[in-house]
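Welcome to this short tour.

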Amino acid sequence: LGLWVGAEFARQSALVFKLLAFGLLFWNALGRLLTNWIHAHGRSDITAKFHLLELPLYLGGLWLLLQTQGINGAAAASLLRMALDTLLLFWFSVRLLTEGRVLFVRRIALLFVIGIGTYLMAEGLVTFTSVLWMRILMVLGIVGGYGLLVWGKLLNVYEKQLLTVIGKRLFHRFGILWESS
């Protein structure tokens, strides 16, 4: 952020960036999966109803947090709205299931725990150094570890095969050789 907008602005907006990044990369990403799940079951009305429910809560929280915390409060209000939306979508997704409910809940809960743990680890490790290349390496290692955990703990055989096929097609499309072992 400092390279992009300057050191002083980065210092002033670091918390806003962290709150919005966490909200978008974690809560909103998980919420998108759940939204697609609900829409695939023909219930697109549910997301609209949830948004109508969230609107007055968000506006009230936004007003209050803006008054007390300024721009950081606005980012926190947005983060809280994304979290509420995702939790509501999760609640409805579980209700929508007729079978496999326990497995679904376990997988989403594990994804949640791995995601929170990964974020906290990245946040903690990156503060140990101010050297940019070391921070980049740490984040890449953490994201790689997250990917390995998801691959090993969350994906079933079919999902792994599907992602492998998609990966091979993408590598082939962009001219990168993929050697079969």
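How many salt bridges does the count come to? The count comes to three. Keep in mind that you are looking at a predicted model. As background, side chains of opposite charge can pair when their charged atoms come close.

**Stop 1**

Select R43, D45 and K49, and show their side chains. These residues are linked in a network of salt bridges. Begin with D45 and R43: they form a salt bridge in which the closest N and O atoms are 3.1 Å apart. Now turn to K49, whose side chain meets that of D45 in a salt bridge, with 3.1 Å from N to O. Color helix α3 and you will find both K49 and D45 in it, four residues apart, which is about one turn of the helix.

Is D45 buried or partly exposed? D45 counts as partly exposed, because its relative accessibility is 28% and buried means under 20%. R43 also counts as partly exposed, at 30% relative accessibility.

**Stop 2: a bridge between helices**

Next, select E54 and R81. Their side chains meet in a salt bridge, 3.0 Å from N to O. This pair links distant parts of the chain: E54 sits in helix α3 and R81 in helix α4, 27 residues apart. E54 is buried, with a relative accessible area of 2%, whereas R81 is partly exposed, with 25%.

**Stop 3: the largest nonpolar core**

Leave the charged side chains and look for nonpolar ones. Which residues have the most contacts inside the largest nonpolar core? They are F50 and F104, in a core of 15 residues. To see where the core comes from, color α2 (7–40), α3 (44–69), α4 (71–96) and α5 (101–126), each of which supplies at least two of its residues. The largest share, four residues, comes from α4.

Zoom in on F104 and select what surrounds this side chain. Leaving aside residues up to four places away in sequence, F104 touches L34, F90, S93, V94 and L97.

**Stop 4: a second core**

For the last stop, select F26, W27, A76 and A83. These residues are among the members of a second, separate core, which has 14 residues.

Conventions. Residues are numbered from 1 along each chain as its sequence is written. This is a predicted model: local features need pLDDT of at least 70, side-chain atom pairs count only at pLDDT 80 or more; totals for chains, interfaces and linings use all residues. Side-chain values use heavy atoms; hydrogens and water are left out. A nonpolar core is a set of buried Ala, Val, Leu, Ile, Met, Phe, Trp, Tyr and Cys residues joined through side-chain atoms within 4.5 Å. Buried means under 20% relative accessible area, exposed over 50%, partly exposed in between (1.4 Å probe, protein chains only). Contact means heavy atoms within 4.5 Å. A salt bridge is a side-chain nitrogen of Lys or Arg within 4 Å of a carboxyl oxygen of Asp or Glu.
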